[in-house]
Amino acid sequence: MVLACVGAWHGLGARNESLNTTMMVEGTKYLMIWMMVYVCAMLPVKGSICMTMYRIASTSTGYRVAILVLLAVIVGNFFSVFIGILLLCQPVEANWNKALVAAGQAKCASMDAMIGLSYTSTAVSIATDMACAADEVPRAFQGVLGGTVAWAVRDGKLWLTRPAGQGLVFAEK
């Protein structure tokens, strides 16, 4: 959040016409820093979720393989986006300082490359989140997650709930 606030202070999110060169450079620099922090934070967060699911699925080979494939996709996405961001411009400073490109001191890939990295990262992130959620549904009904089952009628619907706040709509009244 701090990076977003500092980036906004330096003009990130404002129209380019209303910014001077210094503000554009600084705002883009903070955007680049934010992208790197975000990508680096996603690997341990999603990796720890996968490893927790792997431990829960210790008795089922099929689930374990699915979780390992999911983890491999997450790690692959991390490396492709991390390296891709660093290789967009050479030197890296040219990502936010376009004066280097104009002076011929740097080379940058097209904007399509950056958009492609962004869309790919977003699509893989959404797909892996959905896969993590979908992977737990069969175990919830099989009782693998442990604990007792609690039934509740709320808002005219019958709910099947599990420990740790996990809940599924089971049937309507």
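Biologist: In which helix is the place of K46?

Modeller: In this predicted model, K46 touches I74, S125, T128 and D129 once residues up to four places away in sequence are set aside. The place of K46 itself is in helix α2.

Biologist: Does K46 count as buried, partly exposed or exposed, and at what relative accessibility?

Modeller: The cut-off for a buried residue is a relative accessible area under 20%. The value computed for K46 is 9%, and because this falls under the cut-off, K46 counts as buried, at a relative accessibility of 9%.

Biologist: Leaving aside its neighbours within four places in sequence, with which residues is S125 in contact?

Modeller: S125 is found in helix α5, and with a relative accessible area of 14% it is buried. Leaving aside neighbours within four places in sequence, the residues in contact with S125 are K46 and Y38.

Biologist: What separates the C-alpha atoms of S125 and V73?

Modeller: Along the chain, S125 and V73 are 52 residues apart. In the model, the separation of their C-alpha atoms is 9.6 Å.

Biologist: Which element gives the most residues to the lining of the second largest pocket, and how many?

Modeller: The second largest pocket holds about 350 Å³ of space. Of the 20 residues that line this pocket, Y38, V39, V81, S121 and T122 are the closest to its centre. The elements that give two or more residues to the lining are α2 (21-56), α3 and α5 (111-142). The element that gives the most is α5, and its share is 8 residues.

Biologist: Which residues are in contact with S121, leaving aside its neighbours within four places in sequence?

Modeller: S121 has its place in helix α5 and, at 13% relative accessibility, counts as buried. One of its contacts, V81, is listed together with S121 among the residues closest to the centre of the second largest pocket. With neighbours within four places left aside, the residues in contact with S121 are V81 and N77.

Biologist: How is the ring pair of F78 and F79 described, edge-to-face or stacked?

Modeller: The count of aromatic pairs in the model comes to 3. For F78 and F79, the ring centres are 5.0 Å apart and the planes stand at 65°, so the pair is edge-to-face.

Biologist: Which residues do ring pairs link into a cluster, and what is the relative accessibility of F78?

Modeller: The cluster linked by ring pairs consists of F78, F79 and F82. Within it, F79 is partly exposed with a relative accessible area of 44%, and F82 likewise counts as partly exposed, at 23%. F78, by contrast, counts as buried, and its relative accessibility is 14%.

Biologist: Where does P91 lie, and is the peptide bond from Q90 to P91 cis or trans?

Modeller: P91 lies in the loop between β1 (89-90) and α4 (98-102). The peptide bond from Q90 to P91 has omega near -5°, and its form is cis.

Biologist: What is the separation of the C-alpha atoms of E26 and V6?

Modeller: E26 lies in helix α2 and counts as partly exposed at 21% relative accessibility. Along the chain E26 and V6 are 20 residues apart, and their C-alpha atoms are separated by 9.3 Å.

Biologist: What pattern does the protein chain follow when read along the sequence?

Modeller: The protein chain has 5 helices and 5 strands, and of its 173 residues 24% count as buried. Read along the sequence, the pattern is α-α-α-β-α-β-α-β-β-β.

Key:
Residues numbered from 1 in each chain as written. Predicted model: local features only at pLDDT ≥ 70, side-chain atom pairs only at ≥ 80, totals over all residues. Heavy atoms only, no water. Helix = DSSP H or I, 4+ residues; strand = E, 2+ residues; numbered from the N terminus. Buried < 20%, exposed > 50% of the residue type's maximum accessible area, 1.4 Å probe, protein only. Phe/Tyr/Trp six-rings, centres within 6.5 Å; stacked < 30°, edge-to-face > 60°. 1 Å grid on protein atoms, 1.4 Å probe; cavity = no way out; pocket = protein on both sides within 12 Å on 5 of 7 lines; lining within 4 Å. Points joined across faces, edges and corners; volume = space filled by probe spheres on them. Contact = heavy atoms within 4.5 Å.
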